[in-house]
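Subject: The structure and what turned up in it

Hi there,

Here is the structure for you to open alongside this note. Have a look at it first, and then read on whenever you have a moment.

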Amino acid sequence: MKNTSAKDRILDSALTLFAQKGYDGASIDLIAQNSGLKGPSLYKHFKSKEEILDALIDKVEDYYQKNFGSEAHPGAIPSSAQELIDISVKRILFTLHDDTVRKTRRLLAMEQFRSPRIARLATRHSTDGLCKLYGNIFKHMMNAGALKKDDPDMLALSFIAPVTLLIQMCDREPGREQEAMELIRAHLDHFVNTYAIQR
């Protein structure tokens, strides 16, 4: 089993507690206790709860970009409609099931009205960043002749919006995930049937 540094234990504990109780509901003492530390020991690593939150955001951003992708690092560009569906479903399932991503999404939803930085992060993860990622992917696919020529940014918005709404539904009502995934798969099929160039 991998040894986790005290800093990482603190950040993992903070993410869990912020996602459960909100930022204000998770005290420094509780974060320290859940990290296996005494309250004063935590201050050797972080000066304040705000510093913990800032470090946590940096950590989960790095984790998300490495595991999901971004406009600058989109990963493999699909060369066919089926590859687009496969890669997108993999990203959607990661988003729905990865524990770090789920907790982060809950934290963003709860705290987006408290912190401008979290508000920007929530927007980037639910809209802007996804549009840029898929706009970039669609531009490459159009240039390669795999998608019909169109406005890649508008296509990206129409591609991600229903998926984002259905993921939010799953966050509120986890028992509806199967229904959501059926709708997402139907949406992806409709998208590629409309815009993909079959070869």
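Below is a walk through what was found, from the overall fold to single residues.

A word on the basis first. This is a predicted model, in which local features need pLDDT of at least 70 and side-chain atom pairs count only at pLDDT 80 or more, while totals for chains, interfaces and linings use all residues. Residues are numbered from 1 along each chain as its sequence is written, and side-chain values use heavy atoms, with hydrogens and water left out.

**Overall fold**

The protein chain has nine helices and zero strands. Both are DSSP runs numbered from the N terminus: helices are H or I with at least four residues, strands are E with at least two. In sequence order the pattern reads α-α-α-α-α-α-α-α-α. The C-alpha trace spans about 65 × 35 × 35 Å along its principal axes. Of the chain's 199 residues, 43% count as buried. Here buried means under 20% relative accessible area, exposed means over 50%, and partly exposed is in between (1.4 Å probe, protein chains only). The areas themselves come from the Shrake-Rupley method with that 1.4 Å probe, and only the protein chains shown count as cover for residues.

**The nonpolar core**

Which residues touch the most other members of the largest nonpolar core? They are Leu84, Ile92, Tyr134, Phe138 and Phe159, out of 36 residues in that core. Helix H5 (81–97), H7, H8 and helix H9 (177–195) each supply at least two of the core residues, and H8 gives the most, with nine. A nonpolar core is a set of buried Ala, Val, Leu, Ile, Met, Phe, Trp, Tyr and Cys residues joined through side-chain atoms within 4.5 Å.

**Salt bridges**

The whole structure holds 12 salt bridges, each being a side-chain nitrogen of Lys or Arg within 4 Å of a carboxyl oxygen of Asp or Glu. Here are some of them.

- Lys66 pairs with Asp62, with the closest N and O atoms 3.1 Å apart. The two are separated by about one helical turn because they are four residues apart in helix H4 (residues 49–67). Lys66 counts as exposed at 66% relative accessibility, whereas Asp62 is partly exposed at 40%.
- Lys103 pairs with Asp99, and their closest N and O atoms are 3.1 Å apart. Both lie in helix H6 (residues 99–111), four residues apart, about one turn of the helix. Lys103 is partly exposed at 21% relative accessibility, and Asp99 is partly exposed at 40%.
- Asp171 and Arg105 meet through their side chains at 2.6 Å, N to O. This pair links distant parts of the chain, with Asp171 in helix H8 and Arg105 in helix H6, 66 residues apart. Asp171 is partly exposed at 38% relative accessibility, but Arg105 is buried, with a relative accessible area of 17%.
- Asp8, Asp12 and Lys59 are linked in a network of salt bridges.

**A negative patch**

Which residues form a negative surface patch? Glu71, Asp150, Asp151 and Asp153 do. Patches are made of residues with over 30% relative accessible area and no salt bridge, with like charges joined within 9 Å and nonpolar side chains (Val, Leu, Ile, Met, Phe, Trp, Tyr) within 5 Å. Lys and Arg count as positive and Asp and Glu as negative, while His and the chain ends are not counted. A charge is placed at NZ of Lys, CZ of Arg, CG of Asp or CD of Glu.

Asp151 sits in the loop between helix H7 (116–143) and helix H8 (152–172). Its relative accessible area is 36%, so Asp151 is partly exposed.

**A few single residues**

Cys131 is in helix H7. At a relative accessible area of 15%, Cys131 is buried. Cys131 and Asp153 are 22 residues apart in sequence and 6.5 Å apart in space, C-alpha to C-alpha.

Thr16 lies in helix H1 (residues 6–25) and is partly exposed at 22% relative accessibility. Thr16 and Leu133 are 117 residues apart in sequence and 28 Å apart in space, C-alpha to C-alpha.

Tyr63 belongs to helix H4 and is partly exposed at 28% relative accessibility. Between Tyr63 and Leu107 there are 16 Å in space, C-alpha to C-alpha, and the two are 44 residues apart in sequence.
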